[in-house]
Amino acid sequence: MPFKKLHSDIQEKLEFLKIMTPTPFQSKSIPVIKSGANVFCTAPKNSGKTTTLILTTLQKLKCEAVGNAPRAVVLVENKERALELYDAFLEYTKHNSLRVYVGYEQLHIDVQKSEIFMGIDILISTPKTMNKLFLLNGVSISQLKIFSIDDAEFLIQKLTYTALISITQSIKKCQFVIYSEKMHPKLKRFESYFMEHSKIISI
């Protein structure tokens, strides 16, 4: 059972939230993501994709703050989704030292740069904002371990697709995990750019 092999802090939190049994998607995906492979995860709504994203991110970072540069990035479609996911992460990081930061277009880029500079572990952002931070040297990717994309269907749009390609070209060594309801042909194309040797988990 995947939950048994997660960090003790995560197991405690799951127990507190009364989440005892993984969904079929979680049973299938968590061990593969934990292995360090690049993974395309496709499953219908309410399969536990977002919770899987949070759990595997915390697992990768061993539930503790290290250094100042982000070690995990999560891309989302817009400000609303970014703030929702931020709140969801806080449920799990309340009692450990991990620092979660959220960035989006409506927040001035200089404010984001200075706040990120203070030190963060997990950065939740939109592709456009993340790309801007990259171009302005507002975020270091030297320590990046895992890069996830939640509800990745939005990447089918040309501008976000291009922004993501631009971002990932600068990342040398990192695990990528893409979550979506279906495998769109345009998402599959990422294999040629940054999803080398990827595995597909589908429910």
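A: Just after helix α3, K62 takes a positive phi of about 55°. Most residues other than glycine have a negative phi, and most peptide bonds are trans. The model is predicted, so that local features need pLDDT of at least 70 and side-chain atom pairs count only at pLDDT 80 or more, while totals for chains, interfaces and linings use all residues. Residues are numbered from 1 along each chain as its sequence is written, and side-chain values use heavy atoms, with hydrogens and water left out.

Helix α3 itself covers residues 49–60, where helices (H or I, at least four residues) and strands (E, at least two) are DSSP runs numbered from the N terminus. At 1.5 Å a residue, its 12 residues should span 16 Å, and the end C-alpha atoms are 16 Å apart, which agrees; the expected span is 1.5 Å times one less than the number of residues. Nine of the 12 residues of α3 are buried, so the helix is largely enclosed by the rest of the structure. Buried here means under 20% relative accessible area, exposed means over 50%, and partly exposed lies in between, for a 1.4 Å probe and protein chains only. The buried residues are K49, T52, L53, I54, L55, T56, T57, L58 and Q59.

Two of these, L55 and L58, are among the residues with the most contacts inside the largest nonpolar core, which has 35 residues, and V39, F89, I122 and I124 are the others named with them. Such a core is a set of buried Ala, Val, Leu, Ile, Met, Phe, Trp, Tyr and Cys residues joined through side-chain atoms within 4.5 Å. Leaving aside neighbours within four places in sequence, I122 is in contact (heavy atoms within 4.5 Å) with T57, L58, L61, A72, F89, L98, R99, V100 and Y101. Apart from this core lies another, of 30 residues, among them I109, I116, F190 and F194.

At 5% relative accessibility, T93 counts as buried.

Phi of N46 is near 65°, a positive value in a residue other than glycine, and at 79% relative accessibility N46 counts as exposed. N137, in the loop between α6 and β5 (146–149), likewise has a positive phi, of about 55°, although it is not a glycine; its relative accessibility of 70% makes it exposed.

For comparison, consider a pair of helices elsewhere in the chain. The axes of α5 (residues 109–117) and α6 (residues 127–135) come within 11 Å and cross at roughly 70°, the axes being lines fitted to C-alpha atoms, for helices over the stretch in contact, with angles running from 0 to 180 degrees between N-to-C directions. The two are therefore roughly perpendicular to each other, given that angles under 35 degrees count as roughly parallel, over 145 as roughly antiparallel, 65 to 115 as roughly perpendicular and the rest as oblique. Their contact is made by I109, Q112, K113 and I116 of α5 and T129, K132 and L133 of α6.
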